Amino acid sequence: MKGERRFFRRLLTLHLPLLLVLAFALGPYVWSILTAITPENERDLKGVSYFPDHPTLVNFQRLFGAINFLSNMRDSFIVSASTMIVGIGITVTAAYAFSRFRFRLRGVLLVQFLAINMFPVVLLLIPLFMIARVTGLMDRYAVLVIAYSTFTIPFSVWMMTGFFNAIPRELDEAAVIDGCTRFSAMWRVIIPVARPGIAATAIYVFITAWNEFLYAVMLTSRHVRTIPVALQNMIGEYKIEWGLLNAGGVVSALPVLVLFFFVQRQLIRGMTAGAVKG
Amino acid sequence: MRISRARTDILPYVLLSPAVVATLLVVFVPIVQAASYSLMSFILWKPRARGFVFLANYRAMLSDPVFWISLKNSLVWIVGVVILQLLLGLGTALLLNREFAWRGLARALILIPWVTPSVLTALMWRWMYDGNAGVINDLLVRVGILKEYFPFLANGKTALGAIMVALMWQGFPFFAIMILAGLQAIPLELYEAAEVDGAGPGRKFFRVTLPLLVPVLFTAILLRIIWVANSLDIIFIMTEGGPGYSTYTLPLYSYLKAYRGMDFGYGSTLAVTITILLAAVVAFYVARTLKSGDQL
């Protein structure tokens with residue numbers, strides 16, 4: 001009897017409310033997928049239908065056939081992967097320096113990296129547009145890699161400094177005693193140990209680049225068209241093909257969600273560390 | 001550890017130089033440019049009329065009714081979204097902090113909205129709000145809250161609120177995870193002590209949990225204010241500011257000036273103004289983070 005009451009109490013105060021939150025969190029995706037597999041004429045006929053009478057993959061076929069979504073995916077991949085490699089490559093040594101050395105300008109530089117992450121996109125967008133025009137980088141992959149580094153560099157520095165801080169200094173000292181230079185101690189010992197944290201940071205950078213829209217729509221047009229811009233372009237002037245649009249949306253979110261699940265634990269540890277101690 | 005002094009003195013600067021040089025070039029040079037554009041008459045397709053007008057743009061801004069509408073909407077937007085995200089995030093965190101079998105799964109699934117691209121968030125919600133075949137309308141009619149379909153995004157009274165719900169969806173997992181980390185850092189002994197003193201669940205929440213959570217909540221709120229204040233892509237895709245100016249926020253106004261009107265002078269003026277208005281919040285956050293001494 002007592003066990004049964006306990007079970008119902010937990011059901012009402014824990015499982016049901018949580019299921020409601022989950023329904024809210026996942027509902028839009030469920031609806032998106034249902035929309036993508038519903039034939040367009042069925043929707044015109046019936047309005048809202050919770051499950052299609054004749055589920056179809058025609059939207060996905062059109063997405064990869066006529067619309068050429070694959071080339072958008074390729075553009076997105078090139079931009080995101082380059083942003084990730086450039087961003088991490090530039091910042092990994094900086095994060096190590098912040099974590100391991102105490103030097104005169106340390107405080108100022110650290111504050112600088114924290115603060116620039118918070119500038120509004122619109123502040124940098126206009127000047128970057130002019131720079132891209134003057135240098136002839138407009139509508140190329142490079143311009144997005146440059147634009148995205150305005151937020152990926154400060155983010156990566158800050159995240160990876162935290163991950164390096166979690167590695168005991170004795171490891172550096174032992175490496176130096178064993179005859180490493182300070183630089184090779186970093187390169188051969190500390191960076192390999194920090195690899196999970198670096199990977200999580202890198203994947204987060206990849207995801208933010210993959211999802212970015214405002215810079216992309218302003219700085220690229222014909223030659224480079226990333227997925228978010230392509231999706232927005234599918235919104236027609238008078239009729240929106242919701243089935244196609246939702247198919248594209250689900251397909252574009254999939255890689256990001258998969259990547260995210262691999263690193264979520266590590267990433268959350270890094271992001272919440274500062275806040276909890278504060 | 002004592003290694004030759006001279007080398008350790010320059011090594012950190014060498015290690016930092018790529019990141020510092022890169023930020024100088026892609027962030028600081030553009031900021032100086034933006035500041036100077038904000039003092040110029042600068043419309044991209046009118047090259048002849050380009051020139052310094054000093055504070056004329058700022059003066060024009062103060063007498064621009066759209067600026068004031070956007071400012072007001074921005075405040076409603078920031079306060080509304082942050083409160084919505086905070087409440088739902090706090091509730092979710094309290095649930096996730098309990099022990100149960102599918103906790104890991106639930107925590108992972110809750111995060112999905114947070115990694116969803118803004119464009120997709122905006123499209124999904126725009127579709128769900130649709131006035132002809134939107135699922136939200138259908139559900140509300142079925143439950144009896146609405147008599148007939150209502151065009152949430154096409155009505156000036158409801159559009160901003162409707163978009164705020166979409167941003168709440170995208171952002172609440174962040175609060176949930178931050179608060180959850182804070183909850184897990186509260187020592188269990190405190191609850192045990194409260195129980196010994198005869199405290200019920202309500203008392204435990206208000207006397208133990210909430211006070212100890214304040215620093216985490218504070219940091220999370222500051223971060224969210226900055227993020228929500230700057231986020232404009234969802235509004236841009238859902239309504240482009242309409243109907244009328246009912247969903248114009250300051251960043252959106254600035255973006256539309258630059259993107260649609262190619263008015264880089266006035267667009268920069270608005271952007272610089274946003275930056276100055278947000279500077280206080282940013283300074284507050286930076287000071288807090290430095291004081292916590294985590295990275296320092």
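Chain B of this predicted model contains 13 helices and two strands, where helices (H or I, at least four residues) and strands (E, at least two) are DSSP runs numbered from the N terminus. Its radius of gyration is 24 Å, well over the 19 Å that the globule rule gives for 296 residues, so chain B is more spread out than a compact globule. The radius of gyration is taken over C-alpha atoms, and the globule rule is 2.2 Å times the number of residues to the power 0.38. Taken along the principal axes, the C-alpha atoms of chain B fill a box of roughly 80 × 80 × 30 Å. Of the 296 residues in chain B, 44% are buried; a residue is buried if 20 or more other C-beta atoms, placed from the backbone, lie within 10 Å of its own. Among contacts in chain B with a separation of 6 or more, 68% are accounted for by residues 24 or more positions apart, a contact being a pair of residues whose C-beta atoms, placed from the backbone, lie within 7 Å.

Residues are numbered from 1 along each chain as its sequence is written, and chains are lettered from A and ligands numbered from 1 in the order in which they are written. Local features need pLDDT of at least 70 and side-chain atom pairs count only at pLDDT 80 or more, whereas totals for chains, interfaces and linings use all residues.

Chain A has 13 helices and zero strands. The radius of gyration of chain A is 24 Å, well over the 19 Å from the globule rule for 278 residues, so chain A is more spread out than a compact globule. Its C-alpha trace spans about 75 × 75 × 30 Å along the principal axes. Of the contacts in chain A between residues at least 6 apart in sequence, 75% join residues at least 24 apart.

Within chain B, helix 3 (residues 65-96) packs against helix 10 (residues 201-230) at an angle of about 135 degrees, with the axes 9 Å apart. Axes are lines fitted to C-alpha atoms, for helices over the stretch in contact, and angles run from 0 to 180 degrees between N-to-C directions. Helix 3 of chain B is therefore oblique to helix 10 of chain B, given that angles under 35 degrees count as roughly parallel, over 145 as roughly antiparallel, 65 to 115 as roughly perpendicular and the rest as oblique. Helix 3 of chain B contributes B:S74, B:W77, B:I78, B:V81, B:V82, B:Q85 and B:L86 to the contact, and helix 10 of chain B contributes B:I221, B:R224, B:I225, B:V228 and B:A229. These residues comprise nine nonpolar, two polar and one charged, with Ala, Val, Leu, Ile, Met, Phe, Trp, Tyr, Cys and Pro counted as nonpolar, Asp, Glu, Lys and Arg as charged, and the others, Gly among them, as polar.

Between the chains, 80 residues of chain A are in contact with 80 residues of chain B. On the chain A side, the largest share, 18 residues, comes from helix 13 (residues 242-277) of chain A. The side of chain A that touches chain B divides into 56 nonpolar, 20 polar and four charged residues. Helix 5 (residues 106-116) of chain A and helix 13 (residues 264-292) of chain B have axes that come within 10 Å and cross at roughly 135 degrees. In this contact, A:V111, A:L114 and A:A115 of helix 5 of chain A meet B:V282, B:V286, B:T289 and B:L290 of helix 13 of chain B. The contact has six nonpolar, one polar and no charged residues.

Technical notes: A residue is buried if 20 or more other C-beta atoms lie within 10 Å of its own, exposed if 12 or fewer, and partly exposed in between; C-beta atoms are placed from the backbone. Two residues are in contact if their C-beta atoms, placed from the backbone, lie within 7 Å.
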